[in-house]
Amino acid sequence: HAHRCLPLRLPRAGATPVDTAAFLRPGGMHRRYYSLADVDRLAAAAGLEVVESRYLCVRLTNQRRGVHMDRVYVHAVLRRPVGHSRRLLHANSRLRIFDERLGPDCTASVHHAVPAVRWQVLDASQPTPSPSFHAAGFTATVRNVSPHERRDICFEVLGEPLHGEEEV
């Protein structure tokens, strides 16, 4: 039978905030809350398109205790953009390196949640292009107007450098 979705309640007493959306419950269980905007942001950061996202309201029943619980879940259908692929080449605590490919006559939006450097890979006969620098939170629009696949190497900077410019 139908029921209404109740507004999102704060975590139970005793839960310790880990960050703005994550809580550590008594007993050591972690719980994280996501909004539809969070799903959009996470999908963009992963190079995915959101086909559908919505809240699902579910009523669960504990038969043994006779308790009804209303829960709200985030449901999303994601897909890779047509003609765009992103493969992780390397990752550590300070850096992630991706090999990104974009098909002929395609455009893709890539959200950079952390500072990033994008460098287009060209044929050896062409001059080396300058890299483009992007601040954290920037969404880059990458276009390929050529009849050939475009390849970029993307460096995501996850941590502070060990040495400053004057030390290098």
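Asp-70 is partly exposed, with a relative accessible area of 21%. In this predicted model, the side chain of Asp-70 forms a salt bridge with that of Arg-59, at 2.8 Å from N to O. Why does Asp-70 count as partly exposed? The range for that class begins where buried ends, and buried means under 20% relative accessible area. Asp-70 has 21%.

**Salt bridges**

The structure holds 14 salt bridges. One of them joins Arg-79 and Glu-49, whose closest N and O atoms are 3.0 Å apart. This pair links distant parts of the chain, since Arg-79 is in strand 5 (residues 67–79) and Glu-49 is in strand 4 (residues 49–62), 30 residues apart. Arg-79 is partly exposed, with a relative accessible area of 45%, and Glu-49 is partly exposed as well, with 31%.

Another salt bridge is made by the side chains of Glu-156 and Arg-86, at 2.9 Å from N to O. Here the partners are 70 residues apart, with Glu-156 in strand 12 and Arg-86 in strand 6. Which class of accessibility does Arg-86 fall into? Arg-86 counts as buried, at 14% relative accessibility. Glu-156 is buried too, with a relative accessible area of 3%.

In general terms, side chains of opposite charge can pair when their charged atoms come close.

| Residue | Relative accessible area | Class |
|---|---|---|
| Arg-79 | 45% | partly exposed |
| Glu-49 | 31% | partly exposed |
| Asp-70 | 21% | partly exposed |
| Glu-156 | 3% | buried |
| Arg-86 | 14% | buried |

**Around Glu-156**

Glu-156 lies in strand 12, which covers residues 150–157. The side chain of Glu-156 makes a polar contact with the side chain of Arg-86 at 2.9 Å. A polar contact of 2.7 Å joins the side chain of Glu-156 to that of Arg-96. What else is in contact with Glu-156, leaving aside its neighbours within four places in sequence? Besides Arg-86 and Arg-96, the list contains Arg-94, Leu-95, Phe-98, His-112, Val-114, Pro-115 and Ala-116.

Arg-86, Arg-96, Glu-100, Arg-118, Arg-150, Asp-152 and Glu-156 are linked in a network of salt bridges.

An open sheet of 5 strands has the order 6-7-12-9-10, and its pairing is antiparallel. Which strands stand at the edges of this sheet? They are strand 6 (84–91) and strand 10 (132–134), and each has a single partner strand, so one side of each is left without a neighbour in the sheet. On average, neighbouring strands of the sheet are turned by 25° against each other, direction ignored.

Arg-118 has Ser-132 as its bridge partner in strand 10.

Strands of a sheet pair through backbone hydrogen bonds, either parallel or antiparallel. In a regular strand the side chains alternate between the two faces of the sheet.

**The chain as a whole**

The chain contains 1 helix and 12 strands. Read along the sequence, the pattern is β-β-β-α-β-β-β-β-β-β-β-β-β. Of the 168 residues in the chain, 20% are buried. Glu-156 and Arg-86 are among the buried residues.

The accessible surface of the chain comes to about 12100 Å², and carbon and sulfur atoms account for 55% of this surface. Among contacts between residues at least 6 apart in sequence, 54% join residues at least 24 apart.

Technical notes:
Residues numbered from 1 in each chain as written. Predicted model: local features only at pLDDT ≥ 70, side-chain atom pairs only at ≥ 80, totals over all residues. Heavy atoms only, no water. Pairing = 2+ DSSP bridges. Helix = DSSP H or I, 4+ residues; strand = E, 2+ residues; numbered from the N terminus. Axes fitted to C-alpha atoms, helices over the stretch in contact; angles between N-to-C directions. Polar contact = N/O pair within 3.5 Å; in protein donor to acceptor, adjacent residues only side chain to side chain. Contact = heavy atoms within 4.5 Å. Buried < 20%, exposed > 50% of the residue type's maximum accessible area, 1.4 Å probe, protein only. Areas by Shrake-Rupley, 256 points an atom, 1.4 Å probe, with all protein chains shown as cover. Salt bridge = Lys/Arg side-chain N within 4 Å of Asp/Glu carboxyl O.
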